[in-house]
Amino acid sequence: MSFGDPILVPADLAGQGFRTLDPRAVELFDALGADVRLLDGNAYFSSVARGELRGADASTTTAIVHPAGGTVTADVAYAPMTTAIVANLAWFDRLGADQRTILERAARETSAFIADSAPTPAEAARAYCDAGGTVVLAGSERLATWRAAAAPMRERLEDDPATATVIAAIDSLARGSPPEPHPAVPCTAAPATRDPDPVEADAPGAFPEGTFRAEIPERAFLNAGIDRQTARGHSGIWTLTFRAGEYESTDPYAPVHDCPGSTYRVEGGRIVVTLGAHGTTCGGAAGQVLFSATWTYDGAALRFTNVRPGDPSLHEFMGVMFGSTPWVRID
């Protein structure tokens, strides 16, 4: 993912700041010439805002929670993403035959559920563009330059016999797998639903007061990698009210404000929402920052941008919850 011109060949990374959260990927991106930085939370968003990062390790399914306006090169993947369900063999062997059968069936069904519920590359790319991003493809000729640049590191990995065996198995699976039936296709940001001259985010006191409503589909959460149970529990029609520094929200399943005493303030061009300190529905974030964001507003629709959660572990969820769709003013 880039925050400027697309990253299409390894040379585009040379000497450029590049963010990843995968410690195992540092050696690869370093070998490709990038100035690799392990950044998270506000440190990451601030570095992008200061122009210190050319890009980041991301995918079309997770790009929505990264700083807005990025461009994902959807056909460049530095490693296969794998998920394994494992069990301690000594423990497993102590189970009865019926118990082992139940667990094995559950593992198969879980694997199938994950595969079936994941968005296709085409769906993930379209969702990201609808949220304001851009998707490009490097193409086969440029992909060859990535493989050549990464070859020395692959050779070092294959020096370990066990790793070499795994790599050979992955290559065999790849050769025997049919082409992706729904590959990502290039797309650009959907037309903005706002005035050409929106309210500037850094204008003092410019945040609009009122009541706003949005319908957040389950698919938006799933596309961002949120589990289906959480997605179902938070999809639907939400209502937010901002008035005189007080913040209220009601979810699809509760007709009343779900965390009394919540507030908001404008600070440094961002709205900062803080939950009330008490209340059974405030959850573990009671008394803490829920999220902060910049925004645009055209007199009818409010859109949050650069959403930052108070809890860095909730980047994906908060990005969808508040930043994936415009909030329409109803009062």
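1. Helix α10 (residues 315–323) is largely enclosed by the rest of the structure, because 8 of its 9 residues are buried. Buried here means under 20% relative accessible area, exposed means over 50%, and partly exposed lies in between (1.4 Å probe, protein chains only). The buried residues of α10 are His315, Phe317, Met318, Gly319, Val320, Met321, Phe322 and Gly323.

2. A word on the source: this is a predicted model, in which local features need pLDDT of at least 70 and side-chain atom pairs count only at pLDDT 80 or more, while totals for chains, interfaces and linings use all residues. Residues are numbered from 1 along each chain as its sequence is written, and side-chain values use heavy atoms, with hydrogens and water left out.

3. Now the whole chain: its secondary structure comes to 10 helices and 13 strands. Helices (H or I, at least four residues) and strands (E, at least two) are DSSP runs, numbered from the N terminus. Of the 331 residues, 36% count as buried.

4. Please also look at Thr61, in the loop between β3 (55–56) and β4 (71–73). Thr61 counts as partly exposed because its relative accessibility is 26%.

5. What is Thr61 in contact with, leaving aside its neighbours within four places in sequence? The partners are Pro119, Ala124, Asn223, Ala224 and Gly225, where contact means heavy atoms within 4.5 Å. Thr61 and Asn223 are 162 residues apart along the chain, yet 5.4 Å separates their C-alpha atoms.
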